[in-house]
Amino acid sequence: QVQLVESGGGLVQPGGSLRLSCAASGSFFSINAMGWYRQAPGKQRELVARWRSGGSTNYADSVKGRFTISRDNAKNTVYLQMNSLKPEDTAVYHCHADVRTTKWNNYDYWGQGTQVTVSS
């Protein structure tokens, strides 16, 4: 079983910054990818940023140049640095991990979500 523990959400003014953290714990073989998705009220969940083993990253067009995803391999933790936040970034942000639980099996895991609200 794998647990994802998120932290770092909150209320921030437009133009401000927040950093989200997601730590994976439990028993697993390796992590294939970790990232962040978000879901605003009345909208579908969308990918924000993702880190893949090997070091590649990808971002939603709406956050390119403002958000940066990084990973601490030793801590199995991924971070999302969010700068120049806009009201449209308001959403519940969910951590996701694609985990190799054994040599032959991969599973998706989700965190419970953390609220990010951008408002003056």
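In which sense do β9 and β10 pair, and over how many bridges? The two strands pair in the antiparallel sense, over 5 bridges. This is a predicted model. In it, β9 also pairs with β4 and with β11.

**Strand β9 and its partners**
- A hairpin of 5 residues leads from β9 to β10.
- Across that pairing, D98 stands opposite D108 in β10.
- β4 and β9 run antiparallel and are joined by 9 bridges.
- Here Y37 stands opposite H94 in β9.
- β9 and β11 also run antiparallel, with 3 bridges between them.
- Y93 stands opposite T114 in β11.
- β9 is largely enclosed by the rest of the structure, because 7 of its 10 residues are buried.

**The open sheet**
- An open sheet is formed by 4 strands, in the order β1-β3-β8-β7.
- Its pairing is antiparallel.
- From one strand to the next, the twist averages 15°.
- β1 and β3 (residues 18-26) are joined by 6 bridges.
- Within this pairing, the bridge partner of L4 is A24 in β3.
- Strands of a sheet pair through backbone hydrogen bonds, either parallel or antiparallel.

**The nonpolar core**
- The largest nonpolar core has 30 residues.
- L4, M34, W36, L80, M82 and Y93 have the most contacts inside this core.
- At least two core residues come from each of β1, β3, β4 (30-39), β5 (46-52), β7, β8 (77-82), β9 (91-100) and β11 (114-118).
- Leaving aside residues up to four places away in sequence, Y93 touches residues including W36, L80 and M82.
- Other contacts of Y93 include E6, R38, F67 and V116.

**The aromatic pair**
- The structure holds 1 aromatic pair.
- The rings of Y37 and W110 have centres 5.0 Å apart and planes at 65°, so the pair is edge-to-face.
- Distant parts of the chain are linked this way: Y37 lies in strand β4 and W110 in strand β10 (residues 106-110), 73 residues apart.
- Y37 has 16% relative accessibility, so Y37 counts as buried.
- W110, at 40% relative accessibility, counts as partly exposed.
- R45 lies over the face of W110, 4.6 Å from the ring centre.

Note on methods:
Residues are numbered from 1 along each chain as its sequence is written. This is a predicted model: local features need pLDDT of at least 70, side-chain atom pairs count only at pLDDT 80 or more; totals for chains, interfaces and linings use all residues. Side-chain values use heavy atoms; hydrogens and water are left out. Two strands pair if DSSP finds at least two bridges between them. Axes are lines fitted to C-alpha atoms, for helices over the stretch in contact, and angles run from 0 to 180 degrees between N-to-C directions. A nonpolar core is a set of buried Ala, Val, Leu, Ile, Met, Phe, Trp, Tyr and Cys residues joined through side-chain atoms within 4.5 Å. Buried means under 20% relative accessible area, exposed over 50%, partly exposed in between (1.4 Å probe, protein chains only). Contact means heavy atoms within 4.5 Å. Rings of Phe, Tyr and Trp (its six-membered ring) pair if their centres lie within 6.5 Å; planes under 30 degrees apart count as stacked, over 60 as edge-to-face and the rest as tilted. A charge sits over a ring if NZ of Lys or CZ of Arg is within 6 Å of the ring centre and within 35 degrees of the ring normal.
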